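Please keep the sequence and the structure at hand while reading.

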Amino acid sequence: MLDVDGVLVFGRPTDGQHWMVGLLDDLGISPRDLAREFIRAEWQSVVIGQKELMPTLREALIKIGTDVSAETLVSYWYEQSSRVVPDVLADVRDARCRGIPVYLATNQSYSRADYLLNKVGLNSEIDGVVYSAMAGHQKPDAGFYRFAEERAGYNPDELLLVDDKLENVEAAISAGWNGVHWSDGDSLTEILKRHIG
């Protein structure tokens with residue numbers, strides 16, 4: 001069970017920086033304003049599927065006072081946050097060649113999950129996916145891990161979460177999973193050798 005953002009996908013395709021780095025220059029939207037009106041205020045409801053992304057974002061953009069449409073912002077956001085880390089992808093492919101199933105376990109809205117799977121092409125690189133909007137829970141909520149077990153059809157002790165957020169790893173271990181806290185530059189192949197062989 002592999003996390004996406006911060007592990008398999010990291011930043012802008014051009015330079016790996018966070019997608020908001022150029023937001024003010026490119027679209028005239030302050031990252032601070034977007035964080036206040038959308039990310040902190042509304043994102044949690046969107047990421048667990050309680051609210052739809054587009055109408056919620058439209059309301060936030062009205063509060064910010066920009067003429068940029070929700071469609072334009074989402075297109076920019078998804079494109080600027082879609083750099084697949086080559087070494088991690090190579091290790092995913094190697095693991096699957098060795099018969100180790102690789103699932104994505106990620107906090108995502110429906111639309112970004114669809115973008116990553118179908119536009120970026122991750123769907124062809126994995127054995128399955130569990131994401132928060134489909135689960136109705138986000139990591140580190142215990143409900144996410146129960147949903148993932150049922151969805152993938154594995155017992156907790158058969159699962160290994162690799163995630164860059166320590167609280168998500170700790171929650172997985174509390175749920176009976178194995179867990180590894182990912183740091184930039186880690187090798188998925190080496191992690192799998194230590195935990196699976």
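## Helices α4 and α6

The structure is a predicted model. On the α4 side, the contact is made by Trp77, Tyr78 and Glu79; on the α6 side, Ser111, Arg112 and Tyr115 take part. By class, the residues of this contact are three nonpolar, one polar and two charged.

Which residues of α6 are buried? They are Arg112, Ala113, Tyr115, Leu116 and Leu117. The cover over the buried residues of α6 includes α4, β1 (103–106) and β2. After α6 comes Gly121, which has a positive phi near 95°. Most residues other than glycine have a negative phi, and most peptide bonds are trans.

## Helices α3 and α4

Helix α4 also packs against α3 (residues 53–64). The axes of α3 and α4 come within 9 Å and cross at roughly 110°, which makes α3 roughly perpendicular to α4. From α3, the contact is made by Leu53, Met54, Leu57, Arg58 and Leu61. From α4, the residues are Ala70, Glu71, Leu73, Val74, Trp77 and Tyr78. This contact has nine nonpolar residues, two charged ones and no polar ones.

Trp77 and Tyr78 of α4 are in the contact with α3, and Trp77 and Tyr78 are in the contact with α6 as well. Ser75 also lies in helix α4, which spans residues 70–80. Is Ser75 buried or partly exposed? Ser75 counts as partly exposed because its relative accessibility is 33%. Along the chain, Ser75 is 26 residues from Gly49, and the C-alpha atoms of the two are separated by 20 Å.

## Nonpolar cores

How many residues does the largest nonpolar core have? The number is 29, and the residues with the most contacts inside this core are Leu2, Leu8, Leu104 and Val162. At least two residues of the core come from each of α5 (86–97), α6 (110–119), β2 (128–131), β3 (160–163) and α10 (188–195). Helix α5 gives the largest share, four residues. Another core, of 23 residues, lies apart from this one and has Trp19, Trp43, Leu61 and Tyr78 among its members. In soluble globular proteins, nonpolar side chains tend to be buried together.

Leu2 is one of the residues with the most contacts inside the largest core. Leaving out residues up to four places away in sequence, Leu2 touches Val7, Leu8, Val88, Val92, Val102, Tyr103, Leu104, Ala105, Val162 and Leu188.

## Helices α5 and α10

The contact is made by Val88, Asp91, Val92, Asp94 and Ala95 of α5, together with Leu188, Thr189 and Leu192 of α10. Its residues divide into five nonpolar, one polar and two charged. Val88, Val92 and Leu188 take part in this contact, and Leu2 touches Val88, Val92 and Leu188 too.

## Loop residues

Which residues does a cis peptide bond join? The bond lies between Lys139 and Pro140, with omega about 10°. Pro140 sits in the loop between α7 (132–135) and α8 (142–152). Asp141 lies in the loop between α7 and α8 as well. At 38% relative accessibility, Asp141 counts as partly exposed. Asp141 and Ala175 are 34 residues apart in sequence, with 10.0 Å between their C-alpha atoms.

Lys165 is placed in the loop between β3 and α9 (166–174). Lys165 counts as partly exposed because its relative accessibility is 41%. From C-alpha to C-alpha, Lys165 and Ser183 are 9.2 Å apart, and 18 residues separate the two in sequence.

How values were computed:
Residues numbered from 1 in each chain as written. Predicted model: local features only at pLDDT ≥ 70, side-chain atom pairs only at ≥ 80, totals over all residues. Heavy atoms only, no water. Core = buried A, V, L, I, M, F, W, Y, C linked by side-chain atoms within 4.5 Å. Buried < 20%, exposed > 50% of the residue type's maximum accessible area, 1.4 Å probe, protein only. Contact = heavy atoms within 4.5 Å. Nonpolar A, V, L, I, M, F, W, Y, C, P; charged D, E, K, R; others polar. Axes fitted to C-alpha atoms, helices over the stretch in contact; angles between N-to-C directions. Parallel < 35°, antiparallel > 145°, perpendicular 65-115°, else oblique.
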